[in-house]
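This report describes the fold of a protein chain, with attention to its strand pairing and its hairpins. The sequence and the structure are shown first.

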Amino acid sequence: MSTFTRITPRLPVKDFQRSLAFYRDTLGFRVNLLWPEDAPTFAILDREGVSVGVFVPTPEYPVQIGYAELYLETTKVQSLHAVLKGRLPIEWGPEVYSYGRREFAVRDPDGYLIIFTEETSDPPTTSEPGE
């Protein structure tokens, strides 16, 4: 049987340059691929083994910008929160949940929810995610 080795969500976006800047400059992703070279409308960005793609819908590929949640397992969630809270609005958290995770969330420029999470043995600080 095949082994799955990676997943790269591809998110349709309204403003390609704005989304590229958000993932690159705010979250620290590195641009791995831009296509087409002369006037890019598609990119794959990577950071420490995590990838995300962003693209502008076209008449040939007329998908709608919708809803998605990216659940990024990370380390040092509280340190990341301290850095990001000065750069963009925090949706919720950081909180510790009964399932043993410390999490907080932000939104990208198109409204996609990005949840940063890490395992913890600290006692819960809230009962429900997103509260």
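## Strand pairing and hairpins

Glycine 100 adopts a positive phi near 80 degrees in the hairpin of β6 and β7, where three residues lie between the strands. The model considered here is a predicted one. Strand β6 (residues 92–97) runs antiparallel to β7, and four bridges join the two. Within this pair, valine 96 stands opposite arginine 102 of β7.

Strand β7 also takes part in a second hairpin, formed with β8, in which five residues separate the strands and glycine 111 in the turn has a positive phi of about 90 degrees. Seven bridges connect β7 with strand β8 (residues 113–119), again in the antiparallel sense. Valine 106 faces isoleucine 114 of β8 across this pairing. Strand β7 (residues 101–107) is largely enclosed by the rest of the structure, because six of its seven residues are buried.

| Strand pair | Sense | Bridges |
|---|---|---|
| β1 and β4 | parallel | three |
| β6 and β7 | antiparallel | four |
| β7 and β8 | antiparallel | seven |

The chain also contains an open sheet of four strands, in the order β1-β4-β3-β2, with mixed pairing. Strands β1 (10–12) and β2 (30–35) stand at its edges with a single partner strand each, so one side of each has no neighbour in the sheet. From one strand to the next, the twist averages 20 degrees. Strand β1 runs parallel to β4 (residues 50–55), and leucine 11 has valine 54 in β4 as its bridge partner. Helix α1 (residues 16–26) packs on this sheet and touches β1, β2, β3 (42–47) and β4, while its direction makes about 5 degrees with that of β3.

For the chain as a whole, the secondary structure comprises two helices and eight strands, arranged from the N terminus as β-α-β-β-β-β-α-β-β-β. The C-alpha trace extends over about 50 × 45 × 25 Å along its principal axes. Of the 131 residues, 38% are buried. Among contacts between residues at least 6 apart in sequence, 54% link residues at least 24 apart.

Conventions:
Residues numbered from 1 in each chain as written. Predicted model: local features only at pLDDT ≥ 70, side-chain atom pairs only at ≥ 80, totals over all residues. Heavy atoms only, no water. Buried < 20%, exposed > 50% of the residue type's maximum accessible area, 1.4 Å probe, protein only. Contact = heavy atoms within 4.5 Å. Pairing = 2+ DSSP bridges. Axes fitted to C-alpha atoms, helices over the stretch in contact; angles between N-to-C directions.
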